[in-house]
Amino acid sequence: MTRLAARLGLVLPLLQAGMGAVAGPELCASVSRAGAGGTLALYKEPPARAARLVREVAAATGRPFGVNVVPEVTGPAGCLDQLRTVLPELPRGAFVTSFGLPDADTAGAVRAAGHPLVVQVGTLVDAGTALGQGADVLVLQGTEAGGHLLGRLPADLLLAAVRARYPDAVLAVAGGIATGQDLADAVARGADGAMAGTLFVPAAESTAHPEFKRRVIDAVADDTLITSLFDIGWPRRPHRVLRNPLTATTGRAPATFIATTRVDGRAYPVPRYSAAAPGDGTTGRVEEMAMYCGRSCTRVTARHPAAVTVARLSREYERARRSRAASPGPENATSARTSGSHKPDRTQERQPWTT
Ligand SMILES: Cc1cc2nc3c(=O)[nH]c(=O)nc-3n(C[C@H](O)[C@H](O)[C@H](O)COP(=O)(O)O)c2cc1C
């Protein structure tokens, strides 16, 4: 058992990323029941609805799960408002994940409530700050990751730098994880586990829009790019998305409404360049919306129930660890990422806007 699994009470040392518009109660509870770290995205959820979603998860799993906050988007006060209603609903053993550094009050509130604090960072400096705030687990995000990016280093290099400086820290990597072999490779390089987001976007229980799921399943790594285009609602933070008609255009079209997302019967208009991803309640020109996706999409091939995906990763992880133990040696220290299902290189077949 790795230190990540031990610290958070997981069977498999894998966290499912909290993902706005994607990771609702059903996905979180399914991943949790399967023995990995299911996580509920709170993103911009109003506190009362956030508390209701947490109750739904708690009723659906007896295993540990997490809730994810994004202080950079809600602001420190908004984040504390969410936590004030959510923390009392969390069962013992539930954990809180923060995208980026939380402020001192937020970190303090989580610690005071007795829940493990998991902080995702993208730099060595932020890793030190998060540990100083009392983070129990650091998630080290590499630039391969889907979604908003916290640093400029690939996961391997960030892990090497943080592990060298903080040998005793509990570290998970984020970015590039879609198979049990990927997870075993990360552990062999000094991680205690990993976080995966893109892997779970097409899951049966994910609330991503069906077109978003289809595009992730079809995509290879080079169908993604880093941009700062989708900045309405979350400015000043580059993000990795699937290429689409907007990313192929130079110049900026007017930010008129292109879609509508319905939540609890209320309709929210979505402007062009919104940071919102298309969910199952979105209608309109979803193909122009931000579909966050990591380079690991090359190895994401199916729309399975999350339990099937977690069981597959568990088998692959154990197999990779056994084969590493059977033939230790420098040549086996990190294996090439050739395992798992890969998609053919479709460079020649892409749509015009993906070139
Ligand atoms: C569709 C999508 C939405 C995301 N939304 C969030 C979010 O709301 N909160 C968060 O902490 N991270 C979010 N992330 C980033 C993840 O925490 C993580 O860094 C990333 O998923 C890891 O890379 P991978 O997607 O290649 O596995 C999102 C990622 C994706 C793909």
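In the predicted model, Arg-63 has a relative accessible area of 40% and is therefore partly exposed. This residue lies in the loop that runs between helix 3 (47–60) and strand 3 (66–69). When residues up to four places away in sequence are not counted, Arg-63 touches Val-11, Ser-32, Arg-33 and Gly-35. With one of these residues, Arg-33, there is also a polar approach, in that a polar atom of the Arg-63 side chain lies 3.3 Å from the backbone oxygen of Arg-33. Between Arg-63 and Ala-6, which are 57 residues apart in sequence, the C-alpha to C-alpha distance is 13 Å.

The protein as a whole has 10 helices and 14 strands. Its radius of gyration is 19 Å, close to the 20 Å that the globule rule gives for 355 residues, so the protein is as compact as a globular protein of that length. The C-alpha trace spans about 55 × 50 × 35 Å along its principal axes, and 56% of the 355 residues count as buried. Among the contacts with a separation of 6 or more, 64% are accounted for by residues 24 or more positions apart. The accessible surface comes to about 14500 Å², and carbon and sulfur atoms contribute 54% of that area. The protein carries 40 positive and 31 negative charges, whose mean positions are 1 Å apart.

Helix 8, which covers residues 180–188, has seven of its nine residues buried, so this helix is largely enclosed by the rest of the structure. The buried residues are Gly-180, Gln-181, Asp-182, Leu-183, Ala-184, Asp-185 and Ala-186. They pack against helix 7 (155–165) and helix 10 (306–326), and also against strand 1 (14–16), strand 8 (171–174) and strand 9 (193–196). At the start of helix 8, the backbone nitrogen of Gln-181 is approached to within 3.3 Å by a side-chain oxygen of Thr-179. After the helix comes Gly-190, which has a positive phi, near 115 degrees.

Positive phi values also occur at two tyrosines. Most residues other than glycine have a negative phi. Tyr-43, although not a glycine, has a positive phi of about 30 degrees, and its place is in the loop between strand 2 (39–41) and helix 3. With a relative accessible area of 18%, under the 20% cut-off, Tyr-43 is buried. Tyr-273, likewise not a glycine, has a positive phi of about 75 degrees and is found in the loop between strand 13 (266–271) and strand 14. At 3% relative accessibility, Tyr-273 counts as buried.

Two further loop residues may be described in turn. Glu-288 is placed in the loop between strand 14 (282–284) and helix 10, where, at 10% relative accessibility, this residue counts as buried. Leaving aside neighbours within four places in sequence, Glu-288 is in contact with Phe-230, Asn-244, Leu-246, Ile-258 and Arg-272. Gly-9 is in the loop between helix 1 (3–8) and strand 1, and its relative accessibility of 39% makes this glycine partly exposed. Gly-9 and Leu-153, which are 144 residues apart in sequence, are 29 Å apart in space from C-alpha to C-alpha.

Methods: Residues numbered from 1 in each chain as written. Predicted model: local features only at pLDDT ≥ 70, side-chain atom pairs only at ≥ 80, totals over all residues. Heavy atoms only, no water. Helix = DSSP H or I, 4+ residues; strand = E, 2+ residues; numbered from the N terminus. Rg over C-alpha atoms; globule rule 2.2 N^0.38 Å. Buried < 20%, exposed > 50% of the residue type's maximum accessible area, 1.4 Å probe, protein only. Contact = heavy atoms within 4.5 Å. Areas by Shrake-Rupley, 256 points an atom, 1.4 Å probe, with all protein chains shown as cover. Lys, Arg positive; Asp, Glu negative; His and termini not counted. Charge placed at Lys NZ, Arg CZ, Asp CG, Glu CD. Polar contact = N/O pair within 3.5 Å; in protein donor to acceptor, adjacent residues only side chain to side chain.
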